[in-house]
Amino acid sequence: MALATARHPAHRVSGKVARISTTYLVVSGLSKFVSIGDAVSIAGLGGSVLAEVASIDADTINVTPFVDDHRIELGARVTAMSGQLTLSPHESWLGRTLNALGQPIDSGEPLIEGHHAVGIQGSPPSPMLRNRLGQALTTGVKAIDLFTPICAGQRIGIFAGSGVGKSTLLAMLSRAPSSDVTVLALVGERSREVRDFLDDTLGATRARVVAVVATSDESPMMRRLAPSTAMCIAEHFRDQGKNVLLIVDSLTRYAHSMRELALAADEPPVARGYPPSVFSALPRLLERAGTGEDGAGTITAILSVLVDGDDHNDPIADATRGILDGHIVLDRAIASQGRLPAVDPLASLSRLAPKIRTKQQAQFVTQLIEFISRFEDTRDLRAIGGYKVGSDPTLDRAMEVVPRLYDAMKQDLEEPPVDDVFAFLSQKLPGAPRQTSSPSR
């Protein structure tokens, strides 16, 4: 077992289960010996059950088990563990599949534990000690490298409704050629899709991927913990000087699990059913990604956000967009036209693009955005024959360039990553600049 707290209790203070509900247990006798977030072990009929302290009163505490199928009776013994959950990541975890508690769920050997135990609910580095961003990370996805380029250490979200190609795009990004290690968190995914994603989609890159899985049928505690476990593993490799790509699919289901737990604890909802603790937990998780301190590597976080009803202003999407360093919007109308990945360049943004593009590249992309905007704004007018060629030179040029650009940006999982999107476009569009060194800083 990879959980240090579950193996090395610091003391043997114990209490008893006084009340059992569908979501939490009331325990007496431990109020003076635990803190919020501490782990406890409960003696269930089928073995010990791990739980977390959710709230503390003068005489009792409320604890939430990590599994739903526990067999716990009134009066069962509850033992306080040594603080919060910890992990001891190791290089041999590459290629393995773990659950949210850091336990292997594949058919491999028992995990080898590292020399240092670190808390799953870690803290971000000091903002004044972090390295600066600026090194480009090539994803190999043409539409992203062109319109929303990513820096190593950047945090960017993929915003999409259901069935628009979000998971497929994440699978393409997981093969980014310029990352050393990929840590993948599948939160609330359908069980049948997990092996397909790991075995078929990742393919040859599987050996450098650590996957943390909490499927939709697991408890909200496991779904809430999975992104933090993945972040903890990513931080281990970052501190070794590696460039880590962290992919979380999806951040929305993580928020849903926190909402379930908070509402069960009688926390009042404030925005479409989401309680305040959800909006305070999001930055605590996301700020852990990014650059490390001197000598450390980076964690580039790509997080999917499932927008309810294609409403890109729902509370989670709106709150997340304000924390991240950019957003990639997938549009259902674009997907219906067969243009995949369905990236909307007019709605997408990378706040760090100026650090990556040269002046020539920036001017070229700005011109492409202008052409796309003019092309889409006049689509209906041109469809009814209301435009005469020659009336607007910019639109005439857009009508020539944009269809070729759309065709060039199409990409699927069978197509290998493109190392240099500007060199690729120089063969498709006249005037496209080749990739050169990043702008000086």
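Gly114 sits in the loop that joins strand S8 (97-98) to strand S9 (118-119). Strands are DSSP runs of E with at least two residues, helices are runs of H or I with at least four residues, and both are numbered from the N terminus. The model is predicted, so local features need pLDDT of at least 70 and side-chain atom pairs count only at pLDDT 80 or more, whereas totals for chains, interfaces and linings use all residues. Residues are numbered from 1 along each chain as its sequence is written, and side-chain values use heavy atoms, with hydrogens and water left out.

Gly114 counts as buried because its relative accessible area is 17%; buried means under 20%, exposed over 50%, and partly exposed in between, for a 1.4 Å probe and protein chains only. Leaving out residues up to four places away in sequence, Gly114 touches Ser88, Pro89 and His90, where contact means heavy atoms within 4.5 Å. Between the C-alpha atoms of Gly114 and Ala398 there are 56 Å, and the two residues are 284 residues apart along the chain.

## The largest pocket

The largest pocket has a volume of about 890 Å³. Of its 32 lining residues, Ile36, Glu52, Arg224, Ser277 and Arg284 are the closest to its centre. A pocket is an open set of points on a 1 Å grid over the protein atoms alone, where a 1.4 Å probe fits and protein lies on both sides within 12 Å along at least five of seven lines; lining residues have an atom within 4 Å of a point. The volume is the space filled by probe spheres set on the points, which are joined across faces, edges and corners.

Strand S4 (47-56), strand S5 (60-65), helix H4 (220-239), helix H5 (251-264) and helix H6 (276-286) each supply at least two residues of this lining. By class, the lining holds 15 nonpolar, 11 polar and six charged residues. Ala, Val, Leu, Ile, Met, Phe, Trp, Tyr, Cys and Pro count as nonpolar, Asp, Glu, Lys and Arg as charged, and the others, Gly among them, as polar.

## The second largest pocket and Lys166

The second largest pocket holds about 410 Å³ of space. Among its 22 lining residues, those closest to the centre are Lys166, Ser167, Glu189, Arg190 and Glu193. Helix H3 gives the most to this lining, with five residues. The lining divides into seven nonpolar, eight polar and seven charged residues.

Lys166 belongs to helix H2 (residues 166-173). Lys166 is buried because its relative accessibility is 8%. Beyond its neighbours within four places in sequence, Lys166 is in contact with residues including Asp249, Ser304 and Leu330.
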